[in-house]
Amino acid sequence: MRVRFKVTNVFIKNEEYYHSLIRYIVNSGGSRSSKTYSILQLFATILMQKKNYKISCYRNLRVDCIDTVGQDFKNIIESSGLSDKFIHNKKDAKWTCKDTGSAIYFAGTEKIHKALGQQNDIIFLNEISEFSQEVFNQLDQRTRDKVFIDYNPSKDFWIEFYR
């Protein structure tokens with residue numbers, strides 16, 4: 001199923017990189033640059049195309065991930081008329097595509113032991129400047145396919161190695 005979204009060039013670039021051999025897809029830009037929203041639009045399409053696929057989105061704090069990234073995903077699903085295609089489990093901060101069984105989770109890294117037990121096909125690290133390199137390394141090891149990253153370029157930090 002091909003979904004029609006109003007997309008930006010950021011979405012188009014992320015989609016190209018997703019279909020390439022590149023593992024680390026890094027988005028840097030200012031607030032409201034569409035980086036997070038575009039990544040989440042791509043994830044909605046992936047969830048509807050791949051069977052039993054698992055995507056986990058992380059921020060430093062779970063509540064922040066649910067309130068920002070999770071809310072953006074909800075807005076994408078609702079504004080695109082896809083609400084009937086997904087089941088939303090609020091307790092687990094999880095959206096599951098009814099047709100494919102693929103799911104997206106919204107979590108924090110404040111209880112890193114919970115995140116480290118997870119295997120993922122894709123991870124998305126939102127505002128990665130809030131993460132230590134060790135947390136990144138641990139999550140990266142448990143990811144089979146792609147690692148999406150976004151941040152506001154307000155300071156230099158360890159992620160420049162992956163660009």
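A disulfide is taken here as a pair of cysteine sulfur atoms within 2.5 Å, and by that criterion the structure holds zero disulfides. Cys57 is accordingly in no disulfide, and the nearest cysteine sulfur, that of Cys65, is 5.9 Å away. Cys97 is likewise in no disulfide, the nearest cysteine sulfur being that of Cys57, 15 Å away. Cys57 is buried, with a relative accessible area of 1%, where buried means under 20% relative accessible area, exposed means over 50%, and partly exposed lies in between, with a 1.4 Å probe and protein chains only. Cys97 is buried as well, with a relative accessible area of 2%.

The model is predicted, and local features need pLDDT of at least 70, side-chain atom pairs count only at pLDDT 80 or more, while totals for chains, interfaces and linings use all residues. Residues are numbered from 1 along each chain as its sequence is written, and side-chain values use heavy atoms, with hydrogens and water left out.

Turning to the fold, the secondary structure comes to five helices and seven strands, each being a DSSP run numbered from the N terminus, with helices (H or I) of at least four residues and strands (E) of at least two. Read along the sequence, these elements follow the pattern α-β-α-β-α-β-β-β-α-β-α-β. The radius of gyration of the protein is 15 Å, close to the 15 Å that the globule rule gives for 163 residues, so the protein is as compact as a globular protein of that length; the radius is taken over C-alpha atoms, and the rule is 2.2 Å times the number of residues to the power 0.38. Along its principal axes, the C-alpha trace spans about 40 × 35 × 30 Å.

Of the 163 residues, 47% count as buried. Among the contacts with a separation of 6 or more, 71% are accounted for by residues 24 or more positions apart, a contact meaning heavy atoms within 4.5 Å. The protein exposes about 8,500 Å², of which carbon and sulfur atoms supply 48%; these areas come from the Shrake-Rupley method with a 1.4 Å probe, and for residues only the protein chains shown count as cover. The mean positions of the 25 positive and 19 negative charges are 5 Å apart, with Lys and Arg counted as positive, Asp and Glu as negative, and His and the chain ends not counted. The place of each charge is NZ of Lys, CZ of Arg, CG of Asp or CD of Glu.

Asn14 lies in helix H1, which covers residues 9-18, and is buried, with a relative accessible area of 2%. Leaving aside residues up to four places away in sequence, Asn14 touches Ile25, Asn27, Ser38, Ile39, Leu42 and Phe148. Leu139 lies in helix H5, residues 133-141, and counts as buried at 2% relative accessibility. Its C-alpha atom is separated by 9.7 Å from that of Thr109, 30 residues apart along the chain.

Most residues other than glycine have a negative phi. Asn52, although not a glycine, has a positive phi of about 50°; this residue is placed in the loop between helix H2 (35-49) and strand S2 (54-59), and at 61% relative accessibility Asn52 counts as exposed. Glu127, also a residue other than glycine, has a positive phi near 55° and is placed in the loop between strand S6 (120-126) and H5. Glu127 is buried, with a relative accessible area of 16%.
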